Amino acid sequence: MGRYKTIDENGIYFTTHTIIEWLPVFVEQRYFQIIIDSLKYCRENKGLHVSGYVIMLNHFHLIAQTDIGFRFQDVMRDMKKYTSKAISNEMEKDNQKLLLYVFKKTAESETGDRKYKIWQDEYHPQILYTEKVCRQKLLYMHHNPGRKGFVASPED
């Protein structure tokens, strides 16, 4: 997993989950909904506690932790696996040939038997030890869509 690792399975983490090649996948509500539904499922079934998240065009940020008995990295792995399949299925319905071609070529260049690779491997888990750092990351997430010009204010 590179230089970022989960060091406390029940710590609060700030994570960034990025689409391969930073391609803009989250351009319509139904793609956003895949992430939202997956987070809801993980909250209800995998001990995930979500403090905040934001979905951008090609990545999403998450502040979350898991209950005792659940491994944060396992929940993230399962969530990415599920959303990858759901996103690629939706793209096949939408006939998104160019994006699917890139995701297919990326999958073929690696070992394994997946048809498409949607997510970059890393998700950069950064443990949030203090309330100050947690607030800083939450503000960063809430202001990110405004900085990119997607919304006029964080409330939007």
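Predicted model: local features only at pLDDT ≥ 70, side-chain atom pairs only at ≥ 80, totals over all residues.
Residues are numbered from 1 along each chain as its sequence is written, and side-chain values use heavy atoms, without hydrogens and water. Local features need pLDDT of at least 70 and side-chain atom pairs pLDDT 80 or more, while totals for chains, interfaces and linings use all residues.

Me: What volume does the largest pocket have?
Reply: A pocket is an open set of points on a 1 Å grid where a 1.4 Å probe fits, with protein on both sides within 12 Å along at least five of seven lines. Its volume is the space filled by probe spheres set on the points. For the largest pocket that is about 520 Å³.

Me: Which residues lie closest to the centre of the largest pocket?
Reply: Lining residues have an atom within 4 Å of a point. The largest pocket has 23 of them. By class, six are nonpolar, six polar and eleven charged (Asp, Glu, Lys and Arg count as charged). The closest to the centre are Arg77, Lys80, Lys81, Ser84 and Arg114.

Me: Which elements give two or more residues to the lining of the second largest pocket?
Reply: This pocket has a volume of about 180 Å³. Its lining has eight nonpolar, one polar and one charged residues. Helices (H or I, at least four residues) and strands (E, at least two) are DSSP runs. The elements are strand E2 (48–55) and helix H4 (131–147).

Me: Is Phe150 buried, partly exposed or exposed?
Reply: Phe150 lies in the segment after H4. Buried means under 20% relative accessible area, and exposed means over 50% (1.4 Å probe, protein chains only). At 43%, Phe150 is partly exposed.
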